[in-house]
Amino acid sequence: MPEHPDLPDGAVPENSAELAKPSASRLDVKAIAPALAAWLTDKAGSPVTVTGIHLPDGNGMSSETVIVDAQWGGAPHPLVARVAPDPNNDPLFASYDLDNQFRLMAYVGQRTTAPVPPLYWSEPGTDIIGAPFIVMGRVDGDIPPDVLPYTFGSWLTEADEQDRRRLQHQTVHTLAAIHAAPIPVDLLPAPRAGESPLAAHVRRLTEFYRWTTRDCPGSPLLERALAWVHENLPATQDEVLCWGDARIGNVIYQDFVPAAVLDWEMATRAPRELDVAWGIALHRFFQDIAQLAGVAGLPAFWRRADVERDYEQAAGARLHDMDFYLTYATLYYAMILFRIQTRAIDFGQADEPANPDDKILNQATLAAMIAGTYWDGVGENR
Ligand SMILES: Nc1ncnc2c1ncn2[C@@H]1O[C@H](COP(=O)(O)OP(=O)(O)OP(=O)(O)O)[C@@H](O)[C@H]1O
Ligand SMILES: [Mg+2]
């Protein structure tokens with residue numbers, strides 16, 4: 001899930017959503033350290049000492065990532081634990097199956113050339129630290145930051161053109177490699193009888209919207225966009241293993257090449273276009289807010305036309321209906337932003353606006369996409 005970016009003054013258009021990150025869901029890492037050490041000892045088969053444990057800066061919204069320094073067998077083991085959100089604490093998503101994510105990552109590691117972090121163990125129960133968690137090896141490298149977004153100035157804006165092109169090319173190839181894997185049907189929900197994989201995805205997004213608005217006012221824009229999606233739904237039965245949160249902010253890079261692909265919570269069976277569009281839509285989001293703030297950002301990076309062409313070459317497959325998928329990806333992200341803001345209101349960190357659409361930071365983009373005018377505004381870098 002994209003981190004909710006804290007933005008500088010001027011980056012956010014007036015009457016757009018206030019940004020707030022609910023802090024009530026944070027984990028007390030010091031309290032879980034002893035139980036974690038005992039569990040690791042059991043798994044490793046030799047005594048484990050936890051020499052350091054902390055939450056990273058700029059951590060995500062839907063689960064907690066914990067940095068753990070462990071020691072066993074006479075060697076240091078730099079680890080990362082991903083802890084499931086507390087279902088009683090107004091989570092971002094209605095349900096969360098971390099053990100399934102663990103098995104999905106293992107599958108990707110075994111069946112594709114896409115790099116995943118070294119996987120240690122998964123704890124599906126809540127007895128150990130109060131929530132399910134998975135443990136993986138910590139991979140060194142750089143991640144394009146969400147907070148502040150990499151477009152506002154980061155190792156990526158400071159890199160030279162050639163290195164950025166290399167990163168783009170290599171990442172697109174990694175995505176194509178994921179899509180080339182057989183679908184792990186036991187790990188991902190199947191469409192219903194007579195339903196296309198894309199229609200199943202739309203149905204689940206609609207269910208997410210109903211759940212999100214179960215006790216707050218609905219958004220006219222999101223409902224208009226959902227109606228647009230139904231009217232414009234491509235009649236395709238295509239499906240591949242989609243990564244879901246397929247964007248550069250979920251990749252650890254070493255020398256501009258993917259060293260680990262993270263964040264499998266949105267993985268799904270869907271047309272390949274969904275992942276390609278998600279990556280483009282999220283870059284456009286970060287680029288648009290940079291430009292609104294008067295920052296140049298990276299207008300020539302991750303350009304729609306370049307990414308689509310690179311992807312088609314890498315995958316040996318044509319992309320269809322990308323205008324639809326880009327609008328759909330923008331709607332999906334708008335729903336997540338709406339949900340995040342609803343949580344912030346529930347936590348008392350923001351007020352319910354008079355117009356529910358003002359909870360959606362990318363509302364202007366979504367409206368322009370539905371109207372078919374967004375890409376004209378992007379100009380030569382579309
Ligand atoms: N195996 C790993 N090695 C090194 N760093 C990691 C690893 N896994 C996660 N991280 C760090 O934790 C951050 C968050 O990880 P991840 O993208 O999986 O979840 P998230 O986006 O924070 O959470 P969510 O998507 O659930 O809201 C990463 O950006 C990275 O800094
Ligand atoms: Mg992430």
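1. Thr365 counts as buried, at 18% relative accessibility (buried means under 20% relative accessible area, exposed over 50%, partly exposed in between, with a 1.4 Å probe and protein chains only). Thr365 is placed in helix H10, residues 363-371; helices (H or I, at least four residues) and strands (E, at least two) are DSSP runs numbered from the N terminus. Neighbours within four places in sequence aside, Thr365 is in contact with Asp288, Thr330 and Tyr374, where contact means heavy atoms within 4.5 Å.

2. On the basis of these values: this is a predicted model, in which local features need pLDDT of at least 70 and side-chain atom pairs count only at pLDDT 80 or more, while totals for chains, interfaces and linings use all residues. Residues are numbered from 1 along each chain as its sequence is written, chains are lettered from A and ligands numbered from 1 in the order in which they are written, and side-chain values use heavy atoms, with hydrogens and water left out.

3. The protein is assigned a domain 1 (29-84 + 97-137) and a domain 2 (150-381); such bounds come from an automatic or database domain assignment. Between the C-alpha centres of domain 1 and domain 2 the distance is 28 Å.

4. How many residues of domain 1 are in contact with domain 2? There are 17, and they meet 21 residues of domain 2. The two domains bury about 1,600 Å² between them, 68% of it on carbon and sulfur atoms; buried area is the accessible area (1.4 Å probe) that two parts lose on being put together, summed over both.

5. Two salt bridges are counted between domain 1 and domain 2 (a side-chain nitrogen of Lys or Arg within 4 Å of a carboxyl oxygen of Asp or Glu). Glu265 forms a salt bridge with Arg82, with the closest N and O atoms 3.2 Å apart. Helix H2 (residues 98-111) supplies eight residues, the largest share of the side of domain 1 that touches domain 2.

6. Most residues other than glycine have a negative phi. Phe256 has a positive phi, near 70°, and sits in the loop between strand S7 (251-254) and strand S8 (257-261). Phe256 is buried, with a relative accessible area of 13%.

7. Asp263, also not a glycine, has a positive phi of about 70°. Asp263 lies in the loop between S8 and strand S9 (268-270). Is Asp263 buried or exposed? Asp263 is buried, its relative accessible area being 10%.
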